[in-house]
Amino acid sequence: MRLFSVIVADTEASTTVVVVTWRGAAHIGACLDALSAQERKHRILVVDNASDDGTADVVAQHPSKPEVLRLERNTGYAGALAAALPRVRTRYMAWLNDDAAPAPDWLARMEHALDAEQNVAAASARLVDSAGRTQSVGVALTPLGYGRDLTRAVSTDVFGFCGGAAVVRTSSLRKVGGVPAEFFCYYEDTDTSWRLRLAGWRVVSVPQAVVVHAHGASTNIGSRDFHRWNERNRLLMLARCAPAGVAITELIRFAVITALLPFRTAPRTPNFRISLRLRVLGETLRMLPTALRARRSLAGVKAATRRRVWRTWVGR
């Protein structure tokens, strides 16, 4: 595999690729190898969430010599991206999981999608597993307000991008408030897509930009924390972005289902355990004032705009 240094001046690179890692020693080397093979010049910024498994040594010894931001504690994917944003001086910011290996033309194709039309603020790649099965080409909104990975886009435009391997216009991201660090993990991409849509930007799918992704290498998919973060962050995202009626309805629905669980047979999955749901409700209510301040901070966004985005994209 050909390796070369990608530390270039900002004037020569359009994108800073932010690789978030936590205990990624087993796979971040392959991610950096894939970035070193990219056809486009770029900067690499590795954000290390206080890894204690030798990740720092793997990154330091890699031939690409990426810039490293080592955090004092694990802030999750969202917290790490938020910490990286002030250091991004390029036109675009790529979000990349440490268990992802982009094809050599990935960045070129993603930059082309953003360069081609000035009203496009984010591009979503095609994530595939090791067998080539598509995991995501973008994100759709369900009628209950969940983000759902699309495995086949019917048009170029999608509601949102999958944050495992996306490229975002840096100025647009800053204008809509950056990355919600308090989410820790999951829904930071769908929330960001909501805010970009509310501000009038487009999000596109670039299925030709392929990334092999070992989904869940750094998190335990299906665990209690996985369900906790997903359920809590969905409710917070709706409070921050969705029409008020939708946000209130979904919060009430979640609370009512929780209250009825002792009297009915529920699916045997962690997100239907009463203790987890009570924790989600408690955290959501505690974090709600911050979510509502974020909602108000989107200057000029009217209720009609929130309804239009919801009606346009829900179920697509």
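Tutor: One term before we start: a residue is buried when its relative accessible area is under 20%. Also keep in mind that this is a predicted model.
Student: Okay, so how many residues of helix H6 are buried?
Tutor: Eleven of the eleven, across residues 188-198, so H6 is largely enclosed by the rest of the structure. Among them are Glu 188, Asp 189, Trp 194, Arg 195 and Arg 197.
Student: What comes just after H6?
Tutor: Gly 200 is there, and it takes a positive phi of about 95°.
Student: Switching topics: where is Thr 75?
Tutor: Look in the loop between strand E3 (67-70) and helix H3 (76-84).
Student: Is Thr 75 buried or exposed?
Tutor: Buried, because its relative accessibility is 14% and the cut-off is under 20%.
Student: What does its side chain make a polar contact with?
Tutor: The side chain of Asn 49, at 2.9 Å. Setting aside neighbours within four places in sequence, Thr 75 also touches Ala 80, Ala 181 and Phe 184.
Student: Now helices H7 and H9. At what angle do their axes cross?
Tutor: Roughly 30°, with the axes coming within 8 Å. H7 is residues 224-241 and H9 is residues 274-297. The crossing is right-handed.
Student: Which residues meet there?
Tutor: On the H7 side they include Arg 224, Glu 231 and Leu 235, and on the H9 side Leu 276, Arg 279 and Met 287.
Student: And how do the residues of that contact divide?
Tutor: Twelve are nonpolar, three polar and eight charged.

Technical notes. Residues numbered from 1 in each chain as written. Predicted model: local features only at pLDDT ≥ 70, side-chain atom pairs only at ≥ 80, totals over all residues. Heavy atoms only, no water. Axes fitted to C-alpha atoms, helices over the stretch in contact; angles between N-to-C directions. Helix = DSSP H or I, 4+ residues; strand = E, 2+ residues; numbered from the N terminus. Left-handed = near helix turned anticlockwise from the far one by under 90°. Contact = heavy atoms within 4.5 Å. Nonpolar A, V, L, I, M, F, W, Y, C, P; charged D, E, K, R; others polar. Buried < 20%, exposed > 50% of the residue type's maximum accessible area, 1.4 Å probe, protein only. Polar contact = N/O pair within 3.5 Å; in protein donor to acceptor, adjacent residues only side chain to side chain.
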